[in-house]
Amino acid sequence: MAVVGGVLVLAGGASAATPNAADLESELVCPVCETTLDQSNAPIAQRMKAFIRARIAAGDGEQEIKDALVAQFGTEVLAEPPGGGFGLLAWLLPLGALVGGALVIAVLIRTWSRRRPPPGPPDDRLDPQLERLVDDELARFDA
Amino acid sequence: MASRARLVAQGVAIGLVVLLFLLLAWSLLHDEGGDLAKRANRGDRPSAPDFTLERLDGPGSLTLSSLRGKAVVLNVWASWCIPCKEEAPYLEQLWRSQRAKGLVVLGLDAKDFREDARRFASRFDLTFPLVYDGPGDAIGDYGVTGFPETFVLDRDGRVVQAFAGAVNGEDERIRLRSAVESAVSS
């Protein structure tokens with residue numbers, strides 16, 4: 001059992017260490033057509049695919065290959081922006097917009113769903129103080 | 001309270017619309033690169049956006065504005081670009097024949113591997129200065145949409161003429177020579 005477990009761990013470790021070209025091609029962007037490499041047949045995309053395969057054959061890991069391409073083409077070559085620095089904004093802004101939008105919608109729904117009081121007959125009673133004033137004036141007029 | 005919440009929501013909505021409008025206006029105002037070639041070919045002579053890029057043909061970097069006082073043919077190319085292969089020998093010939101008159105041909109390799117670019121330069125025996133813009137940041141300011149593109153700058157760093165596509169046909173070469181004459185004599 002322990003032997004089987006050890007073999008599985010080793011197999012898992014080996015697959016994590018050996019990058020898959022197809023996976024990398026879906027995580028890297030062609031700098032000319034700005035689609036991922038697996039979606040592009042542009043000459044530079046084909047050259048990048050050849051570069052990836054050559055580096056895999058040379059034993060490079062996924063991060064090493066990505067770093068090598070970033071050194072040539074900048075961070076724009078990564079389909080997912082880096083998680084730190086300015087790239088963090090690309091993650092935070094959509095989240096912020098989502099939360100902000102949800103808040104605005106919640107406030108609107110709350111406001112619009114409040115029941116308005118049903119329209120009743122107009123209240124034709126006078127304010128007691130005003131009524132007293134009117135009575136006084138009328139009494140003065142009659143006198 | 002409800003009317004206050006409604007006012008806040010309306011304020012946020014109006015704020016978002018205003019923000020989007022400002023972003024649109026900003027992007028339109030800063031899209032100078034898109035019409036740089038148009039303005040140049042209309043005769044406006046817009047200033048060429050400055051850049052500092054690493055050199056491919058040696059160590060260090062080169063700043064475009066350091067070439068003030070010389071006319072410049074700025075050629076944007078890449079090793080994978082097929083028309084660039086036909087154009088490169090002509091540009092080398094232009095550089096050799098006009099450099100004594102104060103012309104610099106500057107090759108700007110973009111969206112390319114450095115080693116591929118150096119191999120290209122060696123294959124075509126290019127001796128004019130070469131700079132490297134892998135991410136293509138500098139060429140965005142020029143509104144470059146394809147490869148190759150060429151800009152002729154006068155001695156004050158203003159764009160005299162822009163060429164989208166290769167300068168391989170006789171008509172384009174006549175236009176290029178005419179623009180170079182104008183830039184060198186400026």
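User: What makes up the division of chain B into domains?
Analyst: In this predicted model, chain B falls into domain 1 (1–30) and domain 2 (33–184); such bounds come from an automatic or database domain assignment. The centres of domain 1 of chain B and domain 2 of chain B, taken over C-alpha atoms, are 43 Å apart. Residues are numbered from 1 along each chain as its sequence is written, and chains are lettered from A in the order in which they are written. Local features need pLDDT of at least 70 and side-chain atom pairs count only at pLDDT 80 or more, while totals for chains, interfaces and linings use all residues.

User: Why is strand S4 (residues 103–110) of chain B called largely enclosed?
Analyst: A residue is buried if 20 or more other C-beta atoms, placed from the backbone, lie within 10 Å of its own. Seven of the eight residues of S4(B) are buried, so the strand is largely enclosed by the rest of the structure. Strands are DSSP runs of E with at least two residues, and helices are runs of H or I with at least four, numbered from the N terminus.

User: How do you know that strand S3 (residues 71–77) of chain B and S4(B) pair?
Analyst: Pairing requires that DSSP find at least two bridges between two strands. S3(B) and S4(B) have seven bridges, in the parallel sense, and therefore count as paired. Within S4(B), Asp109(B) stands opposite Trp77(B).

User: Which strand do four bridges join to S4(B)?
Analyst: That strand is S5 (residues 130–133) of chain B, running parallel to S4(B). Val131(B) in S5(B) stands opposite Leu108(B).

Definitions and conventions
A residue is buried if 20 or more other C-beta atoms lie within 10 Å of its own, exposed if 12 or fewer, and partly exposed in between; C-beta atoms are placed from the backbone.
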